[in-house]
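These are my notebook entries on one protein structure. I set out what I looked up, entry by entry, with the criteria I applied.

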Amino acid sequence: MGGGVVEIRTFLNSDVPQLVELWNRQQPLSGRLPAVSAAMLETHVFSKAYFDPTGLIFATASGLVVGAVLCGFAPRPTLSQLDFRIGIVSHAIVDQAAPVPTWPQLWAATLDYYRAHQSETLFWGSRFPESPFLSGFCGGTFVPGAAASDANQTSRLLQYGFGDCGEIGVLKLEVESFKPPIDRRVVMAKRSYDVRLTLDPLPESWWQHNVFAFRHQLDFRMVERKSNRICGLVSFCNSRPQDAGWDSRFLGIAQIVVNNELQRSGLGQAMLFDAIKDLGQRGVVEIEAQVPRPNAACHSMLTKIGFRPWYAARQLSCPIAK
C-alpha cells in the first residue's frame, strides 16, 4: 500500500468490497466474526430502516479504505423511533498496516456526526442490550461492548474520554452435555405450569422489528394451567448472522423474564430446562447468554444450569462536548 494523506468521507455503494476486505484482515478477537461477506452486511446492516449512509464513515489513503466507523443510535423508550440524544458506535476498524495514522481523523469525524445530530452521550458497541447494528458480528447474540481482552482498544477509548459503565459476561452452554440439576422447586413448578412454544412471534415494536429482522426467534412461555396466565418467558434467536434458517444449531438467549412475585421460585429454571430440552431435539448444539455483572441472580442460575464463561466485555460511554 502506497503512502498518502488520510481523507475522510462517507459511505458509497462501491465501498462494500473494500469494507469486507478490511474486516477480514483484522486480527482475531473474542466474539468477533473472523470473516464477513457483502451479502451478510447487506442483510444485517444496510437493509435496516435506520441505516444512515452518512453514519458509515471511511478513512481512505491513496484511494484505498484504511478505516471505518459505523454510527447508530439507541431507541426512544417507546421503541418507535431513534433517540438521537444517545449515540452508539457499533464498530470501528482500522488497517494496522496503513502508512499513516487514521484513528484521530476518524474519531474527529465521528464526533462531528453526533454533534450534528445534537447527541449528548456516546456508547461504544451498544447500550446493552441495545445494539442497532452488527448483533452476531461483534460479541455474539448482541453487541455487549468492547471486548475486555482488547486492551489496546480499551486503553485508547479511555484516553478519548470514555468511562467504564460495567462488565457484561458472555456465557455458553453445550447442549449435548446439559444435565438439569435436581431441584425440588423445579419439580413443584412443573406441577402447575406448562411451557408453550411460539415460533417467530410478531415483533412488538418498530425497534424489535429492525433488530430481529432476518433472525428466527423461538419464544418459550411459562403458562399457569388454572388461569392460563403467562408467568414467564425465555426467548431465543440465531446468534450468528450466517445462520438464517430454522436449521441453525447456534442460538442465543434474547431475554429471560419471570413475573416479580414468582422470582426465586424455580420457575425460571423449569422454563429453561424445558426450552433447552426442546432445542436439543431440534439439533441445537450451543446456546449463548449475555448477563450484566450486577445481575447476580441470573448469572448464578445460568452457571448452575451449566453455562460456562466464554469472554467478558466492558460497557463504555462518554459525554459529547458541544
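**Entry 1: Gln290**

I looked up the side chain of Gln290 and found that it reaches the backbone oxygen of Phe142 at 3.0 Å. It also makes a polar contact with the side chain of Glu288, at 2.8 Å. A polar contact here is a pair of N or O atoms within 3.5 Å; within protein, one must be able to donate a hydrogen and the other to accept it, and residues adjacent in sequence count only if both atoms are side-chain atoms.

I note that the model is predicted: local features need pLDDT of at least 70, side-chain atom pairs count only at pLDDT 80 or more, and totals for chains, interfaces and linings use all residues. Residues are numbered from 1 along each chain as its sequence is written, and side-chain values use heavy atoms, with hydrogens and water left out.

I placed Gln290 in strand β12, residues 286-292. Helices (H or I, at least four residues) and strands (E, at least two) are DSSP runs, numbered from the N terminus. Is Gln290 buried or exposed? Gln290 is buried, at 12% relative accessible area; buried means under 20%, exposed over 50%, and partly exposed in between, with a 1.4 Å probe and protein chains only. Leaving aside neighbours within four places in sequence, I listed the contacts of Gln290, including Phe128, Thr141, Pro144, Ile168 and Val170; contact means heavy atoms within 4.5 Å.

**Entry 2: backbone**

I recorded that Phe128 is joined to Pro129 by a cis peptide bond, with omega about 0 degrees. Pro129 lies in the loop between β5 (121-124) and β6 (146-147). Most residues other than glycine have a negative phi, and most peptide bonds are trans. I then noted Ser62, whose phi is positive, near 55 degrees; Ser62 sits in the loop between β2 (56-61) and β3 (64-75). Phe214 also has a positive phi, of about 65 degrees, and is found in the loop between α6 (206-211) and β9 (217-224). Phe214 is exposed, with a relative accessible area of 53%.

**Entry 3: aromatic pairs**

I counted 23 aromatic pairs. Rings of Phe, Tyr and Trp (its six-membered ring) pair if their centres lie within 6.5 Å; planes under 30 degrees apart count as stacked, over 60 as edge-to-face and the rest as tilted. Phe11 and Phe58 are stacked, at 6.2 Å centre to centre and 25 degrees between the planes. Phe11 lies in the loop between β1 (6-10) and α1, and Phe58 in strand β2, so this pair ties together parts 47 residues apart in sequence. Phe11 is buried at 10% relative accessibility, and Phe58 at 0%.

I next examined Tyr50 and Phe133: their ring centres are 5.3 Å apart and their planes at 70 degrees, so the pair is edge-to-face. Tyr50 lies in the loop between α2 and β2 and Phe133 in the loop between β5 and β6, so the pair ties together parts 83 residues apart in sequence. Tyr50 is buried at 10%, and Phe133 is buried at 1%. I found that one aromatic cluster includes Phe11, Tyr50, Phe58 and Phe133, with Phe46, Phe51, Trp206 and Trp207 among its other members.

**Entry 4: α1 and α2**

I noted that Val16, Leu19 and Val20 in α1 meet Ala38, Leu41 and Phe46 in α2.
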